Amino acid sequence: MNTVVLGMQWGDEGKGKAIDYLAGSFDVVTRFQGGHNAGHTVYYQGQKVVLHVLPSGIFYPDCLAVIANGVVVQPLQLVEEIQNARSLGLSMQNLILGENAPLILPFHQQLDVVFEDSRYQRIGTTRRGIGPAYEDVVGRRALFVKDLLQEKAFRSKIAILADYYRRLFKAHGHPVDDIDQAIDQYLQAGIFLKPYIANAAHLLRRAYVEKKNILFEGAQGTLLDINLGTYPFVTSSNTTIAGVFSGTGLSPKAVDKVIGISKAYTTRVGEGPFPTELKDECGSMLRERGNEYGSTTGRPRRVGWLDLVALKYAVQVNGVDSLFITKLDVLDESAEIQVATSYESADGRGDDFFSHADALSRVRPVYQVLPGWRKNLGAIRRLGDLPRQVRSYLSFIENFTGVGVSHVSLGGEREQTIEIDR
Ligand code: GDP
């Protein structure tokens, strides 16, 4: 069963843990969009590991871990991540890096910083150059992983692009950072990465034709999608199902199942509307219990109740088949739990989600209150052992969104997961 795993919220849904839990039964795991702005936390042999661009498949030596062409790659960061993974004892012989993946270049990162500090853009990006790298793809100027393998051509292509950026920065009163040293480092990284570089699109197509089981590993979340998210407070790629096809070159027929990952509550990093945000003690309690601090940036996350209006939207735009609900245990101490079931706006009450930020910032969530369970869930391993209130919470989510819950997660460890057979 070729399966897509996608975040249903604003990222950080616990996809790392969910994908790691699922990855063992796949022949191929592929990342298809985003860059090292993602931070998937998994535990490997008791150690906490944060993956940024490496697919979760690297933990399984028999599974091919593919960085597909839709991912933007910062070669120096990737080298470091591979070295870290090797230091954990992983051979990394199962890694494939798409030759047509666009490169994140030094001036992309500089531009991200300059723009984040300007009045043109205040999105709260990770300042790693992801957005500007995608801008170069759309602008038809991008350089690709395969370019690293042709020293002379790389030097001349990057010189032309550096000139473009020099003029751009100059117009904004900024000098462009000297990139001579970076060019040498990039070429060195190319030598290091060469054994991993391959035609990822061909390879994935072959895997599909040979009926291999493929897991498509989403990064960020639906509400951060460049087209369908809370624009402009979004990331620069398609984090939704659409990204699977453009990022891998496979067709919708290659997908058998879509699993949506959602926390039992909601978090958001950075700017942008967040209707169910809690700015009170209850929010702080959830933040502390859920350890809601960015795995890539360390930033405290904004925290709020589960927004079912947004979740239903995410289920619908992605054609989700089932939900993987994470971090239920974070609600263990809440006497009551609220869920937003509609929005009130100047146009009245409704349960349609507004994706553009200006419209979303004007809605007021309408809540339904559900009883909490006041019990520690961390050690529970069977559905039947979950308190009645937990099961009704899950049923409420199912009835509202129209899809079943196939997995619940009650802690960060692989074993703290209950699979629900239907
Ligand atoms: P991702 O980007 O979607 O993978 O999300 P993060 O990496 O930010 O993940 C969430 C964090 O929550 C990690 O530290 C996980 O170990 C942890 N986590 C995942 N699932 C659960 C869960 O069910 N309960 C608790 N308490 N922590 C979880």
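A: The structure holds one cavity of 30 Å³ or more. A cavity here is a set of points, on a 1 Å grid over the protein atoms alone, where a 1.4 Å probe fits but cannot get out. The model is predicted: local features need pLDDT of at least 70, side-chain atom pairs count only at pLDDT 80 or more, and totals for chains, interfaces and linings use all residues. Residues are numbered from 1 along each chain as its sequence is written, and side-chain values use heavy atoms, without hydrogens or water.

The largest cavity lies between domain 1 (3-101 + 196-258) and domain 3 (263-419), because both give residues to its lining. The domain bounds come from an automatic or database assignment.

Next, the second largest pocket. Its volume is about 560 Å³. A pocket is an open set of points, with protein on both sides within 12 Å along at least five of seven lines. Of its 26 lining residues, T41, G290, N291, K327 and G412 are the closest to the centre. Helix 1 (15-23) and strand 3 (40-44) are the elements that give two or more residues to this lining. Helices (H or I, at least four residues) and strands (E, at least two) are DSSP runs, numbered from the N terminus. By class, the pocket lining has 13 polar, ten charged and three nonpolar residues. Domain 1 and domain 3 each supply at least three of the lining residues.

Now the ligand. It has 19 residues around it (a heavy atom within 4 Å), and K15, G16, T41, D329 and S409 come nearest. Some polar contacts (pairs of N or O atoms within 3.5 Å) stand out. A side-chain N or O atom of D329 is 2.7 Å from a ligand nitrogen. A ligand oxygen is 3.0 Å from a polar backbone atom of E13. A backbone N or O atom of G411 is 3.1 Å from an oxygen of the ligand. On its own, the ligand has 580 Å² of accessible area (Shrake-Rupley method, 1.4 Å probe), and the protein covers 91% of it.

Definitions and conventions
1 Å grid on protein atoms, 1.4 Å probe; cavity = no way out; pocket = protein on both sides within 12 Å on 5 of 7 lines; lining within 4 Å. Points joined across faces, edges and corners; volume = space filled by probe spheres on them. Nonpolar A, V, L, I, M, F, W, Y, C, P; charged D, E, K, R; others polar. Polar contact = N/O pair within 3.5 Å; in protein donor to acceptor, adjacent residues only side chain to side chain.
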